[in-house]
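Please report on how this chain is built and on a few of its local sites.

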Amino acid sequence: MTDLTLYRNIGIFAHVDAGKTTTTERFLKLTGKIHKIGEVHDGAATTDFMDQEQERGITIQSAATTCFWKDHRFNIIDTPGHVDFTIEVYRSLKVLDGGVGVFCGSGGVEPQSETNWRYANDSAVARIIYVNKLDRTGADFYRVVEQVEKVLGARPVVMVLPIGIEDDFSGVVDLLTRKAWVWDESGDPTKYTISDVPEDMVEQVEEYREKLVEAAVEMDDDAMEQYLEGQEPSIETLKACLRKGTIDLSFFPTYCGSSFKNKGVQLILDAVIDYLPNPTEVTPQPEVNLEGEETGELALVDPDKPLRALAFKIMDDRYGALTFIRIYSGMISKGSTVLNSFTGKTERIGRIVEMHADSRNDVDSAQAGDIVAVLGMKNVQTGHTLCDQNQPATLEPMVFPDPVISIAIAPLDKAGAEKLGIALGKMIAEDPSFRVETDQESGETIIKGMGELHLDIKVDILKRTHGCEVEVGKPQVAYRETITQRTEDVYTHKKQTGGAGQFAKIDYVIEPGEVGTGFLFESKVTGGNVPREFWPAVQKGFQLSTAEGVLAGYPMQDIKVTLMDGAFHAVDSSAVAFETAARAAYRQTLPKASPQLLEPVMNIDVFTPDDHVGDVIGDLNRRRGMIKAQEAGVSGVRIKSAAPLSEMFGYIGDLRTMTSGRGQFSMEFSHYAPCPNSIAEDVIKAAAELKDSQ
């Protein structure tokens, strides 16, 4: 049995370009997993192994790797930073025990950092903070620490102080030991000296060390008492207190360095061992029933308990589908049979492999605490639970956001159609935020995703990885419809054909629901005018109808239907008759309830140099954007705004032109809002023309 206290399942997450992949690369070099460092800008990073990642210098999918540091086993997941791929961060955090949040020394807390931090809070993942790129112009460790407090509402506990800054950054002072770690300029991470604190920093070191000690002793009454009596706690006591506070999410140990220049990374590896939890120290995963409600049972991290594992990622490669799983309890072994509690079917474990980016090592078995990939799974999807077939259970599943943008694609020839279907099937299994639909009327294949870059990458993968040449249509916005007026109505469905007829009469109210409620149904029928067994049929008829609104055929949301009264016939009434009545009632009443078109509004976060702020704000206003805030930084200004998705297509090109290539932006879905009449009319007209042309 492996000692689980020596395991660390960690993720590295941050805003795009803060240095996650470079930091992972340094971890692998220092732990002896790789012998030559690959740089992101050269397209040679170990965990960026997709062609698209190497060309664009960004991480698109999370990559898993295993390494060892001081007898501890690290299962590391390097996650993407770009907002279009946050789904990868979300599902990785779901199965990790701890994380390293990387922040850019000059950029500070950027938009995607906030989203990822929120995900980590939701998943209750303990974290250490690493302020990277302190060798950069404009870097300021203390400013970033302040931003972590203000913007993220978190409590950083500073563990090291930088020696020098920007070009003069040479190392860090470890506050616990009061020792300076200084690296030479050779770029070799192993060439450093440990010496006393530089004289000009002694006062500052003592000031920050006092803050560190005060934060630590809050976690232990005995240590607090000793400290108040003037007794300095030992380093072992402080480490134990800091570990407790980190695992409780009371605070976050904060480090700094420069991964690219190989300075400060060893202390992060030590901190992962010292302060992040092993699998037995985190709250066990709750088991749920078929409705998703917790049963009160927990999947305890114990190899001797029944098997409980969560499939959190599917990846297709040349050997077939790889299913990444986190084992919470029990063990799996090669050739054994497990139950997929979602499908109710058993699956045979073909091969079990430990992943190192896109290479792998075969293993015979894996146990609680492990993150491994399994080959040979037939019907397992992201979020499914694998368990002991004699003691079935389901773990809390994952919830994925709805896509906000879609484009139509078509194969160039008939021969490509089947190939495209197979390729899309594999891609859907890999990415739960990627959806595919076939337009029943036009026969077009519609792909949906989280943003322009997301779909751009998908089309690229179709062409290169799967060899499917496709024609791509213009991006389409995922509009929605709702109603704005309460309407009472009556509908009677009568049909007489030879034998038994159909009869159903319903009196009902259709009214706007609360924002975000989707579809609600209630019955207030008394006295049996509509027997209780027909209520679900009425609900089903209305609910299925909401898939298509009456203005432009977009899905209807935030609508409430109340069944008030009605009538039935002892012979001719049936569930089918009442469902048909509800469908017809929907079509009859919706146009009377003042239907309204809704458009997706996005949160936009733009970074621009000072001299282009006016141009950027003017352009956002032209795009119907609403400016929420402006924050001045060292190297430019961050502008936070909200704007409709329909106005943001092609924005990156325009922003680069306006800012001479120096502007950056990120965008994520915020909410649906009423569409202005002039825009709504164009959308409705376009939908009608499309229908006529088919």
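Of the 694 residues of the chain, 54% count as buried, meaning under 20% relative accessible area (1.4 Å probe, protein chains only). The model is predicted: local features need pLDDT of at least 70, side-chain atom pairs count only at pLDDT 80 or more, and totals for chains, interfaces and linings use all residues. Residues are numbered from 1 along each chain as its sequence is written, and side-chain values use heavy atoms, with hydrogens and water left out.

The chain has 16 helices and 38 strands. These are DSSP runs, numbered from the N terminus: helices are H or I with at least four residues, strands are E with at least two.

**Cavity.** The structure holds two cavities of 30 Å³ or more. A cavity is a set of points on a 1 Å grid over the protein atoms alone, where a 1.4 Å probe fits but cannot get out; lining residues have an atom within 4 Å of a point. Volume is the space filled by probe spheres set on the points, which are joined across faces, edges and corners. The second largest cavity has about 30 Å³ of space. Its lining includes F13, F103 and W117. Elements giving two or more residues to this lining are β1 (7–14), β4 (98–104) and α4 (111–122).

**Helix pair.** Helix α6 (residues 202–217) packs with helix α7 (residues 221–228) at an angle of about 140°, their axes 8 Å apart. Axes are lines fitted to C-alpha atoms over the stretch in contact, and angles run from 0 to 180 degrees between N-to-C directions. The two helices, α6 and α7, are therefore oblique to each other; angles under 35 degrees count as roughly parallel, over 145 as roughly antiparallel, 65 to 115 as roughly perpendicular and the rest as oblique. From α6, E210, V213, E214 and V217 make the contact; from α7, A223, M224 and Y227 do.

Residue classes at both sites are tabulated here.

**Loop residue.** S250 sits in the loop between α8 (235–247) and β11 (252–256). With a relative accessible area of 30%, S250 is partly exposed, a class between buried and exposed (over 50%). Leaving aside residues up to four places away in sequence, S250 touches R155, M219 and G245. S250 and P156 are 94 residues apart in sequence and 9.3 Å apart in space, C-alpha to C-alpha.

Note on methods: 1 Å grid on protein atoms, 1.4 Å probe; cavity = no way out; pocket = protein on both sides within 12 Å on 5 of 7 lines; lining within 4 Å. Contact = heavy atoms within 4.5 Å.
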